[in-house]
Amino acid sequence: MSRVMASLSLPMSYLLKQDCLRTATLFCHVFHGLRRRTSTSRLWKRDFGAVVQGVGQLLSRQPTAKNYASVCSSSADGPDLTDRLWSVYKDTKRETEDLIPVIPTNSVSPDTIFANNEMSLRDIEIYGFDYDYTLAFYSRHLHTLIFNIARDILITKHRYPEDLRKYEYIPNFAVRGLHYDVQKALLMKIDAFHYIQLGTVYRGLHPVPDEEVIAMYEGSHVPLEIMSDFYGKSSHGHTMKQFMDIFSLPEMTLLSCVNDFFMRHNIDYEPVHLYKDVKEAIRDVHVKGIMYRAVEADIEKYICYGEQSHAVLKKLSEHGKKMFLITNSPFDFVDRGMSYIVGKDWMDLFDVVIVQADKPSFFNDRRKPFRRVTDKGALLWDRIHRLDKGNIYKQGNLYEFLRLTGWRGSKVLYFGDHIYSDLADLTLKHGWRTGAIIPELRKEIKIMNTEQYMHMMAWLQALTRLIEQMQVHRDPASQAVVEEWSQERAAIRAQMKDIFNCQFGSLFRTHHNPTYFSRRLSRFADIYMASISCLLNYDLQHTFFPRRTPLQHEAPFWPEHSPGGVSISSHFNRIDMD
């Protein structure tokens, strides 16, 4: 079709039909096509993610210079122009709402395995696992336990005020992947381009105004030199700490609570000392075995029964796959949990078991030798010449592991929940395939499957496109209209953030950009999933393919027909005739 637009009414109707509504129409008909395929594969819902992603790419395409020229060439101005802008707005909103289907049962499956990199299970001969939050999943009571113990350590060991005991753990305060500015005592979410998501910066338990954040950082960008180091730590001049571990949720909450206490009582304190004290208290909870003893004493309260984890291990064993366990946790703790999850004979499933591995240094430090541990916890002094099934080994290093087992390269797939400590070195230095376990996926996918989210996202995308195209009208009245739309867009984005978490939003996005967490996830994990049980939905010959999403300079590709056989071009013709 020609892009030449002779009058104001023509470009607006053209915009409405060919840019905004075309995307919603594609969404509907491709989605309906997917519905017709439900009987062919129980994992057909994976395709829906590609559809949504493609729709987003189509909406985000940059307008051409020809579009700008044709719109700007319009001679209409004044009240008539603003009336027409609002007319387009109303028509776009009405027809977007009409075209987006309400199909609550047809959505992305939380049991899907998502691929960042093409990988075939056919090539995998050896499967490795972390323990915590990979094979064993914990109840909400564990974070409360860690918070309470660490809070009490601050009071008894570090002489913090007794009134801190009034603070309780807040389950939904923080999300994983946040950054903490150690010197400024600020908790925040940062995107993949090192920009702070304004509205997600907290000092204590209260948000910091955007203007104050911009003044402190001279904008919203965080320079590379003050970002956390490779493993997310604040060291060697880095003033930011990134919390990537699920166990870090109580630590973030405790930092925020203590900050809140000092500010409420106008107590002058040094933020660096506070950070170090909280860090040490949290470390004591783990290193001194306080948490381990509490969990072992009431295993049913703290560990969610892992019947499906057992099923995964059994499936791999029956197919002749080698399996190993590398965990930082001590053997008694792992044995108690695995006996509860799998059974007393759990070690029969594993060819190698390594405890107290001290990851991530396990993957880099060649100096630590393996040491054998008896089932009673006694350390043996003999040199290790091979890693035998049925034995328990402590510490060691990956280089010695590779020499003793010969398990190298892409025939090994290792699963863990910590993107840095579990996966980064393996994929960058050793060529293992990696799988990230992201329990938060389940909740976020369920939210994205809701009617409310789908409608909000559809309108947000259409409104963004409308603003993008109509911003070319530079007269004050038109700019006032576009500004009002922009304010509505900002309000929708804030509302969508709150759907996931009122303070920090989604783990994976800062509005439209990926989070810094997402960036690292896509770099260090070949595949990712909500839990290890997702493997039960795939046979061991399955190949995982990442969805090809267009780069910004690439035109989105849509086949002539949707998957269900609906002719897209004929549907466009029908829309044009309406």
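**View 1. Accessible surface and make-up of the predicted protein model.** The protein exposes about 26,300 Å² (Shrake-Rupley method, 1.4 Å probe), and carbon and sulfur atoms supply 50% of this area. Of the 578 residues, 54% are buried (under 20% relative accessible area, 1.4 Å probe, protein chains only). There are 19 helices and 20 strands, taken as DSSP runs of H or I with at least four residues and of E with at least two, numbered from the N terminus. This is a predicted model in which local features need pLDDT of at least 70 and side-chain atom pairs count only at pLDDT 80 or more, while totals for chains, interfaces and linings use all residues. Residues are numbered from 1 along each chain as its sequence is written, and side-chain values use heavy atoms, without hydrogens and water.

**View 2. Helix α8, residues 271-287.** G289, with a positive phi near 75°, follows the helix.

**View 3. Buried residues of α8 and their cover.** Among the buried residues of α8 are L274, Y275, V278, A281, I282 and V285. Their cover includes α5 (141-156), α7 (248-264) and β9 (240-242).

**View 4. An open sheet of 9 strands with mixed pairing.** The order is β1-β19-β16-β15-β3-β11-β12-β14-β13, where paired strands share at least two DSSP bridges. β1 (114-115) and β13 (370-373) each have a single partner strand, so one side of each lacks a neighbour in the sheet. β1 runs antiparallel to β19 (residues 527-529), joined by 2 bridges; F114 has Y528 as its bridge partner.

Definitions and conventions:
The expected span of a helix is 1.5 Å times one less than its number of residues. Buried means under 20% relative accessible area, exposed over 50%, partly exposed in between (1.4 Å probe, protein chains only). Contact means heavy atoms within 4.5 Å.
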